[in-house]
Amino acid sequence: MHRPAKAWRAPIWSRRPAWWTCWQAGPRPSNASWRMGVANKEGEARDLLHRMFGAAVDRAKPTRCIADHFPDCPHGRTIVVGAGKAAAEMARAFEQRWSGELTGLVVVPYGHKVPCERIAVREAAHPMSDLAGIAATEQMLALLEKAREGDLVVCLLSGGGSALLCAPEDGVEFDELQNIGRALLNSGADVAQMNVVRKKLAKALGGGIARAAAPASLVTLAISDVVGDDRASIASGPTVPDRTSGDEAMAILARCGVAISKAAETILRRPFVDDPKRDIAAYRIIASSRLSLDAAAEIAHEAGYTVRDLGEVTGEARDVGRDHAEIVREIVADSGEAAAPCVILSGGETSVTVEGEGRGGRNGEYLLSLLTELDGMAGVYALAADTDGIDGAGDNAGAWFEPGMAIRARENGHDPRNYLERQDSHTFFQAMDRLVMSGPTRTNVNDFRAILIQSPEMQQCRGTPTG
């Protein structure tokens, strides 16, 4: 039916650099060789942060993970649909390994398109939807209406699908759907809350794809960007029955101060209609934050670091930064659950309540908060980035810092606390040349955060020379 997957090899960033070994005991080196050693140690820590991030992203690549989850060939046709930042890459990986008849359509954010031969790829706006998203969704639903018993529908989902499958329910204007999404985003509502509302007001979400695909067999292959891998929340659950109520959606809108029209309220007040037949549809999560954190932890262990894995973390980004700074202090004081040298890993998704007028995403805000709390602490490096390659609405995946950067920034007129106050993390890290620029990765398992804490012995390798 399809070619077996090739054995996975560790990417180039997971291999040990030539300058890996720290200086051995011996005479104090000359100033010139000491400066080279400092540069090497700085480079080693920086390289390790980036290799861990690279390994996390690589583990979530469709070409790496889709082949082990192929469905059996149907008696009828195979139709592929999908949405999200990884959908085009997933579609290409699928069609390259699928030998039977195949047709379909997926929609991705602008800049995430890759060429496919048998599956059409449409582009639309994300995170704020546009008319191209409506057209792609309507075309997808029309394609599914032709599915018959004996056919197989394969739905490829990943983060970003909610905004792309944006055709509103009849009676709701698209402008209102956009305004609701923007207001929820700016209010600091988390993804789960936004999904409750989206699923009620967009026809393809909350089981809409599953309803349109009936009576064909349905298999969903998903790359999860949702904390806990809740299938009803990944891309707002296009293939999963919506178990939330209209009252829940109304309560979220009221709590966030979002006004809606009478038409939208009528839809939210509609009685719940169960569809038990769709519960038996196959749903397979092929990549997740958990699997990516495990890949990063393996790199850290190989480098000789213990790992404290915090798992998936949620909350206000700057609050999480302060919490993680406290964990760092405990480890440095040798009073925590792990001892240096140590790497603190976490995934999940934080949120940002927009109050300032600056530029930057949740990973930048988290990292800037962490930096201000640690205030140049020796031996501590950190990186925070979104695995999709885009932090918020910026052009960067995230940022990183090294020991002493907060002090150097202030000396150069860039007080990190002022930047944090106006929520301008992108401008700060750009000024310090510490942005992580990966470009779109065409996958998404949410945020990746790594804090590297060197042991006192490692820090001595960076000490000021005396001779």
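Start by selecting His426: this residue is buried, with a relative accessible area of 3%. Buried means under 20% relative accessible area, exposed over 50%, and partly exposed in between (1.4 Å probe, protein chains only). You are viewing a predicted model, where local features need pLDDT of at least 70, side-chain atom pairs count only at pLDDT 80 or more, and totals for chains, interfaces and linings use all residues. Residues are numbered from 1 along each chain as its sequence is written, and side-chain values use heavy atoms, leaving out hydrogens and water.

Now show what surrounds His426. It touches Arg359, Gly360, Asp395, Asn396 and Leu435, not counting residues up to four places away in sequence. Contact means heavy atoms within 4.5 Å. His426 lies in helix α16, residues 425-431. Helices (H or I, at least four residues) and strands (E, at least two) are DSSP runs, numbered from the N terminus.

Next, select the open sheet of 6 strands. Its order is β7-β8-β12-β9-β10-β11, with mixed pairing. Two strands pair if DSSP finds at least two bridges between them. The edge strands, β7 (306-316) and β11 (435-436), each pair on one side only. Zoom in on β10 (residues 398-401), which pairs with β11 in the antiparallel sense over 2 bridges. There, Gly398 has Val436 of β11 as its bridge partner.

Move on to strand β4, residues 152-157. How many of its residues are buried? The count is 6 of 6. Leu152, Val154 and Leu156 point one way, while Val153, Cys155 and Leu157 point the other way. In a regular strand the side chains alternate between the two faces of the sheet.

Strand β1 (residues 78-83) pairs with β4 in the parallel sense over 6 bridges. Strand β5 (residues 217-223) also runs parallel to β4, joined by 6 bridges.
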